[in-house]
Amino acid sequence: MEYTPHEYQRHCINRIVDTPKLGLFLDMGLGKTSIVLSAIKELKYNRFAVSKVLVIAPKKVAEGTWSKEKEKWDHTKCLRISRVLGSEKKRIRALYEPADVYIINRENVVWLVDFYKNDWPFDMVIIDESSSFKSHKAKRFRALSAMAPRIKRIVELTGTPSPNGLADLWAQLYLLDEGARLGTRYAGFRERYFDAGPRHNGIVYKYSVKQGSEEAILSAISDICVSMKAADYLELPDCIMHEIPVELDLKAAKAYRELEREMVLELPDDEVTVTSAAALSNKLLQLGNGAIYGEDHSVHEVHGCKIEAFMELIESLSASGKNALVFYNYQHDRERLQKALAKTGLVVRELKTTEDEDDWNAGKIDVLLTHPASSAYGLNLQHGGNHVVWFGLTWNYELYTQANKRLHRQGQTEKVIIHHLVCEGTRDEDVMAALARKDDVQQFVMDSLKARIKRIKEE
């Protein structure tokens, strides 16, 4: 297929060519992969400016997205791609294959740096979903930052550069300029742009942005970052949010309340910490879905109310000839969903391979099950359907929005409907409220949990 870039895509290609280290913060669906492949072709074969390119990507994206996108366009078919995936033996073999672009999943970045040490061969590095390098404490960040002086060109790609706030930008920018714009140390960056909140046991759990900091940060990085929103450049079909309330029957409601009360009263003290809030919220979300893990990781099914509501929704969709991309949260969710769907005669598949992705887009799968953490980034699933079902909800706003964009992206021709199964009177309702807020989710998690604890202890 002949590649005719939009004007904004042409602008981005030129920026990659002209700016050695660039943050390309493009919204989902704007064609980041085709932009970068076009720039690589220009730099390698027309300008002889790079020799070996490394792409660091989420595992599913590394397995198929880049290779498929390369084959899609006439001008990039000549690029040779080697996927550095699988066992160590397979990864080493892939590294020694003659290629233009080497693709590795982000979990193996530390291994790759250790493998080459001072003999680092990649003069251009693409970080697909650079927000996965937002933590300055992460091993992958530390490993790659050690190689930054040896890399002539870096391109960071993401639609959500600061999913949890401006603090997420420091590590990503450090990989681009080694601290020239936001400082060489994270502590100094935080002290300059943020105010510390209240302490608990000497630890500050929350920092707030100082007045004027957002403008100052964005101004400091504007020369090496390009930011674009899909709404400004694409005419996508509407995306409709649909909440399906799930009422617990009397037996299920009693079991939920008893277990909720029991777990709340087991808290070690009256002070809710981040750790205890996360653990308790996790258990309560499991309960809302209908099952809970025991201490030995055994599964105890509490109710089937959400499963029943899910099956009713699937029955309605299948009767209309509609396929469903279903996100689950826990392994026991997946197992119970598979068991319930096995009786329907529908084609049900778990998204594991590029073949699953292809079959979905070809309309061969009625229900595609996946966990948002494994499929939220980079996958193009818009040709297989327009209905997303959230069976198990997530607090992670970045994962949530990225996962929804698997269908609501360029190439989608129908309205995308996002269905949320929300158990009434459970932690599900708090999650939906947190996702609607879009920011400061951690604080909301704790505040909403404290409200539940207060209510329960007053009963």
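Biologist: What does Phe310 touch, not counting residues up to four places away in sequence?
Modeller: Phe310 touches Val326, Leu337, Leu341, Val389, Phe391 and Leu421, where contact means heavy atoms within 4.5 Å. Mind you, this is a predicted model, with local features needing pLDDT of at least 70 and side-chain atom pairs counting only at pLDDT 80 or more, while totals for chains, interfaces and linings use all residues. Residues are numbered from 1 along each chain as its sequence is written, and side-chain values use heavy atoms, with hydrogens and water left out.

Biologist: Why does Phe310 count as buried?
Modeller: Phe310 has 0% relative accessibility, so Phe310 counts as buried; the cut-offs are under 20% relative accessible area for buried, over 50% for exposed and partly exposed in between, with a 1.4 Å probe and protein chains only. Phe310 is in helix H13, and helices (H or I, at least four residues) and strands (E, at least two) are DSSP runs, numbered from the N terminus.

Biologist: Why are H13 and H14 called oblique to each other?
Modeller: Their axes cross at roughly 50° and come within 11 Å. Axes are lines fitted to C-alpha atoms, for helices over the stretch in contact, and angles run from 0 to 180 degrees between N-to-C directions. Under 35 degrees is roughly parallel, over 145 roughly antiparallel, 65 to 115 roughly perpendicular and the rest oblique, so H13 and H14 come out oblique.

Biologist: Which residues make the contact of H13 and H14?
Modeller: Ile307, Phe310, Met311 and Ile314 of H13 meet Arg336, Leu337, Ala340 and Leu341 of H14. By class that's seven nonpolar, no polar and one charged residues, with Ala, Val, Leu, Ile, Met, Phe, Trp, Tyr, Cys and Pro as nonpolar, Asp, Glu, Lys and Arg as charged, and the others, Gly among them, as polar. The C-alpha atoms of Phe310 and Ala340 are separated by 9.6 Å.

Biologist: Which strands does H13 lie across?
Modeller: H13 lies across E12, E15, E17, E18 and E19, running at about 160° to E19. Helix H17 (397–404) lies across E12, E15, E18 and E19, at about 150° to E18.

Biologist: How do you know that E15 and E18 pair?
Modeller: Pairing takes at least two bridges found by DSSP. E15 and E18 have three, in the parallel sense, and Leu325 has Val388 as its bridge partner in E18.

Biologist: In what order do the six strands of the open sheet run?
Modeller: The order is E12-E19-E18-E15-E17-E16, with parallel pairing. E12 and E16 each have a single partner strand, so they stand at the edges, with one side of each left without a neighbour in the sheet.
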